[in-house]
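Me: I've got a two-chain model to go through. Can you walk me around it?
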Amino acid sequence: MNDGLVGALARIRSESESTRLEAARELRENASSLSAEAQVEVGAAFAKEDVPWVRGVLAEILALGVGELEEPTAIAAPRWDEEIEGADPEVARQAVNVSTNRVLHEVAAVVGRARVAAAEDFADFRGSETERQLQFLSDVCDGLRVLASATGNPQVEEFDLRAELIALADRVSGNLEIPVPIRVEGPGPVFMVRSDRTLLDLTIRNLLANAAEATESLGTPEERAVTLTWGISGDSIQISIIDRGPGPPPFLATRSRVGVSTKIGHPGYGLATASEAMRSLGGEVFIRRNDRGGATALIRWPEEPSA
Amino acid sequence: MNPSCRLLLIEDDAREARAIERACCPDPTKVAFEIASNGADAEEAIREHDYDLFICDLALPANARHGDPAIEEGKRLFALIRERSPGTPAYILSGHGDLHMMREFFKLGASADLYGTKTEEALVQFFPKNDLPACVEAVQAHVAKTEVVDGFRLEGDDLGLSLSDQRALKIYGRIQGAERGITRAFDSGLSGSKTLALHLRGPGDTDAGKAVAKLGDLVRVAREADSYEQIAPRLPWGLAAHLLTVVRAGAGSRGALIYEYAHEYTGTLAGLLAAGEDAAAAHVALRLREGLRPWFDGAPEQLVGLDQLRRRFVSDSGLHEAGIEIPVERDIDVRVVKTMAHGDLHGFNVLIKDGTDPTLIDYGEVGEANAALDPVTLELSALFHPHMAGAFGDWPEPTQAAGWADLDTYLDGCPVPEFVCACREWATAASAEDEELLATAYSYAMRQMKYPDTNKELALAIANGAHGKLARD
């Protein structure tokens, strides 16, 4: 990395807003030349930056420059087929898909009927432990449905990623019990991509939910804020979800067998499913610890040529 | 009390079907519940009957003999439901439900005011089978809200309205904040549609407005509404009733076009003709000619083939299906005036006020046509409209019809000669040449072959007579 960029990295910590903006723009121009360490620096600057337009440029750098992130800086998210040792990944994906669909078809209707019958049979069903356990069974079915979708064949179409992410952020925000501002910052006003909206939706929804959950114990809305950015790096489209929480979840560091350690309701379940969804698109999910705290979830997948 | 909510459940698992029926409809007096267990039975039910709600599984066998369920069968039925009953809510209840599939269903589903509450309700909902309680809740809510709609009182003439037609009027009445509606008959139209006057009464029996309601098959209602939107600025001032709103959902396969009720309409032109009020009918024709003049004046001429003109009325395959041999058309070219036309100007689409003052309704066929179309349709529909059958006794004899172009012969014994003359003068004046008049009569008469309940002998006589003259000329 040349001296100019080293200087720019120093200046993004300047107290002068205009100096920081100028430095950030210089770094953005050379995002592809930034080392992994430099990107950590940018991430740290982003985490403490309060001026929206400087934050916007830094967010773009983060979205553009994640191509060089590798372990140990970034940890690949768990996958469902990790416990099938030596299996062909494509065969494993199909096996997960077929078996999940089959189980779902057999079980879902029974769960639905049991829920209705229990409500009829027991006068005090509402709020009972029976209701909670049946609800949990139903949630398992929902989880299997998402997994079946994640391992299915992608359905690619052309759409505006920016508009999709804005709408998705609104939907996720609307469903949170504790308000977490989700800032959507990236190139626009239109950012057309060819991909599978459903798979992207479920991936980002899971990662956003994890990020929001990680920050909900923080005090102010500003501290809880999660940033969603996107961009292109080389032949890949990349999306970053950056939070100021405690960092990557501990299970990522300790996990061995996803099928054993990851349960429905546990964040790792959603992460594994998100990972499967991106793998169906030929992409990946990484989680990394930010230098000044918090975690960044990175997803990237190869850009498809326009139709 | 007869159940008012008609529900079709498409589910191949008998145990599941029983559970759904018991949970959704604890009171069988409120819901007419039907179950179809395979694709063929479901398709027959969807095509033959009207429903207020569909619940559809996705993995279904194609028919009673082929037991292997396939998701494609459920998707096919869903598409059929949306095509035939786009205003009826459809709930997908499936054990599968890949998220891609769910997104597709949501994309298809619009929303509409189903109960006249000025609130949009989703027309398509997807429930995973494990979430049967949510589906049950949605069904029960729909049944309850439908019951409230049916509580709106309709009084007045006994029009023999179906439950769906009544519901379309009730939904409109509720949107207007009325508590009851009084209906008065005009006449029935060609395509199974019904046109009537609706007088709404609000709380304390206050006047809540009047409207002309045209009830019809939802697909046709939607087409007419879309057509109106395109041509509204070009409608002749003072002659056209303006469309106020459209009931597109909540009434099964039926819908309603609600037109303004600017005057006290006393009937239709068809009614005048059936009553033999020739002078009045002729005056109406004259007023229509004057009113539509802006469409005709200065319109350009164009040379078209007879086959081209006839195909606007009836296709080759339509005639083949009716067993009619198509005469030689391709060597006959006709110079026509190219203009805007109402396209379906029969006597039931002309409301009458103040004795002879016409107002046009039904704009489903408005568009470019040749200038003789409207006056020829006006004249000949008095013979061929199914609800006019027998109105003129034995007139005209087929031999007279064959000489349709020769008015002296044709009018012998005619109970409405002034009306026929008024239409014919209009058609002659509007046409580029006599051949346009003949070609239009030929085409209109050929069109009658595709309808089951028209006088084919008379129609063929007119068609052959006109064609003979065209071929000779």
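Reply: Start with contacts in chain A between residues at least 6 apart in sequence: 75% of them join residues at least 24 apart. Two residues are in contact if their C-beta atoms, placed from the backbone, lie within 7 Å.

Me: What kind of model is it, and how are things numbered?
Reply: This is a predicted model: local features need pLDDT of at least 70, side-chain atom pairs count only at pLDDT 80 or more, and totals for chains, interfaces and linings use all residues. Residues are numbered from 1 along each chain as its sequence is written, while chains are lettered from A and ligands numbered from 1 in the order in which they are written.

Me: How many helices and strands in chain A?
Reply: Twelve helices and eight strands. Helices (H or I, at least four residues) and strands (E, at least two) are DSSP runs, numbered from the N terminus.

Me: And how much of chain A is buried?
Reply: 44% of its 307 residues. Buried means 20 or more other C-beta atoms within 10 Å of the residue's own; exposed means 12 or fewer, and partly exposed is in between, with C-beta atoms placed from the backbone.

Me: How is chain A divided into domains?
Reply: Domain 1 is 3-64, domain 2 is 74-83 + 157-302, and domain 3 is 89-150. The bounds come from an automatic or database domain assignment. Contact between domains 1 and 2 of chain A takes 14 residues from domain 1 and 19 residues from domain 2. On the domain 1 side, α3 (36-48) and α4 (52-64) of chain A are the elements that give two or more residues.

Me: Why is β7 of chain A called largely enclosed?
Reply: Five of the six residues of β7(A) (residues 284-289) are buried, so the rest of the structure largely encloses it. β7(A) pairs with β8(A) (residues 295-302) in the antiparallel sense, over six bridges. Pairing requires at least two DSSP bridges between two strands. A:I287 stands opposite A:A297 in β8(A).

Me: Switching to A:D235. Buried or exposed?
Reply: A:D235 counts as exposed, with 11 C-beta neighbours inside 10 Å. A:D235 is in the loop between β5 (226-233) and β6 (236-242) of chain A.

Me: What does A:D235 contact?
Reply: Leaving aside neighbours within four places in sequence, A:P302 and A:E303. A:D235 and A:E303 are 68 residues apart in sequence, yet 5.8 Å apart in space, C-alpha to C-alpha.

Me: Now the interface. How many residues of each chain are in contact?
Reply: 18 residues of chain B are in contact with 22 residues of chain A. On the chain B side, α1 (14-24), α4 (99-108) and α5 (132-150) each give two or more residues. That side divides into seven nonpolar, five polar and six charged.

Me: What are the domains of chain B?
Reply: Domain 1 (5-149), domain 2 (152-262) and domain 3 (266-472). The C-alpha centres of domains 1 and 3 of chain B lie 45 Å apart.

Me: What's the strand order in the five-stranded sheet?
Reply: β2-β1-β3-β4-β7 in chain B, an open sheet with parallel pairing. β2 (31-36) and β7 (124-128) of chain B are the edges; each has a single partner strand, so one side of each lacks a neighbour in the sheet. The twist averages 15° from one strand to the next. Five bridges join β4(B) (residues 90-94) to β7(B). B:L93 stands opposite B:F127 there.

Me: And the three-stranded sheet, what order?
Reply: β15-β16-β19 of chain B, open and antiparallel. Twist averages 45° from one strand to the next. β16(B) (residues 333-341) and β19(B) pair over four bridges. The bridge partner of B:K338 in β19(B) is B:N370. α17(B) packs on this sheet, touching β16 and β19 of chain B, and its direction makes about 75° with that of β16(B). Axes are lines fitted to C-alpha atoms, for helices over the stretch in contact, and angles run from 0 to 180 degrees between N-to-C directions.

Me: How many residues are in the largest nonpolar core?
Reply: 140 residues. Such a core is a set of buried Ala, Val, Leu, Ile, Met, Phe, Trp, Tyr and Cys residues joined through C-beta atoms within 7 Å. Helix α17(B) (residues 434-447) gives the most to this core, with eight residues.

How values were computed. Nonpolar A, V, L, I, M, F, W, Y, C, P; charged D, E, K, R; others polar.
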